[in-house]
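Please consider the structure shown below. The paragraphs that follow lead through a strand and its partners, and then through several loop residues.

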Amino acid sequence: VQLQASGGGLVQAGASLTLSCAASGSTFTNHNMGWFRQASGKDREIVAEITWNWGTPTVADSVKGRFTVSRDKALKMVYLQMNSLRPEDTAVYYCAARRSAARWDAASVYWGQGTQVTVSS
């Protein structure tokens, strides 16, 4: 399994960015796809996840109303639309995949490389 995240950059507060994750090496049936972020000096936290089969999204309270997660099964892409960005959203963002029956802290979770998002005030 390979997950390739892209779309990060430097933006001003209030701007929007869309992160993309290209997934390959699996059908991802019965998987959840997730977006995590890790700010400097802080623990990695989950931002959003979506079920591959049904496209059911879940978004963390800290970004609810500003971030939207989606997936395109045909293209095997997962997206994170980020609106009204704030300086506190600055972090390295990672995409990940897990079997739906597993937990995000399982050893079987697949991780992509991160993409840096920097929001200036």
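At 40% relative accessibility, Ser84 counts as partly exposed. The structure is a predicted model, and Ser84 lies in its loop between β8 (77-82) and β9 (91-99). The backbone of Ser84 has a phi near 50°, a positive value in a residue other than glycine.

Of the 9 residues of β9, 7 are buried, so the strand is largely enclosed by the rest of the structure.

Which strands pair with β9? One of them is β4, which pairs with β9 in the antiparallel sense over 8 bridges. Within this pairing, Gly34 has Ala96 of β9 as its bridge partner. Strand β11 (residues 115-120) also pairs with β9 in the antiparallel sense, here over 3 bridges. Tyr93 finds its bridge partner in β11, namely Thr115. Strand β10 (residues 110-111) is joined to β9 by 2 bridges, and these two strands likewise run antiparallel. In that pairing, Ala97 stands opposite Tyr110 of β10.

Phe28 has a positive phi, near 65°, and is a residue other than glycine. Is Phe28 buried or exposed? Its relative accessible area is 0%, and Phe28 is therefore buried, the criterion being a value under 20%.

Phe28 is also one of the residues touched by Asn53. Asn53 belongs to the loop between β5 (45-51) and β6 (57-59). With a relative accessibility of 25%, Asn53 counts as partly exposed. Leaving aside residues up to four places away in sequence, Asn53 touches Phe28, Thr29, Asn30, Arg71 and Lys73. With Asn30 there is a further detail: a polar contact of 2.8 Å joins the side chains of Asn53 and Asn30.

Asn53 and Pro87 are 34 residues apart along the chain, and their C-alpha atoms are separated by 34 Å.

Technical notes
Residues numbered from 1 in each chain as written. Predicted model: local features only at pLDDT ≥ 70, side-chain atom pairs only at ≥ 80, totals over all residues. Heavy atoms only, no water. Buried < 20%, exposed > 50% of the residue type's maximum accessible area, 1.4 Å probe, protein only. Helix = DSSP H or I, 4+ residues; strand = E, 2+ residues; numbered from the N terminus. Pairing = 2+ DSSP bridges. Contact = heavy atoms within 4.5 Å. Polar contact = N/O pair within 3.5 Å; in protein donor to acceptor, adjacent residues only side chain to side chain.
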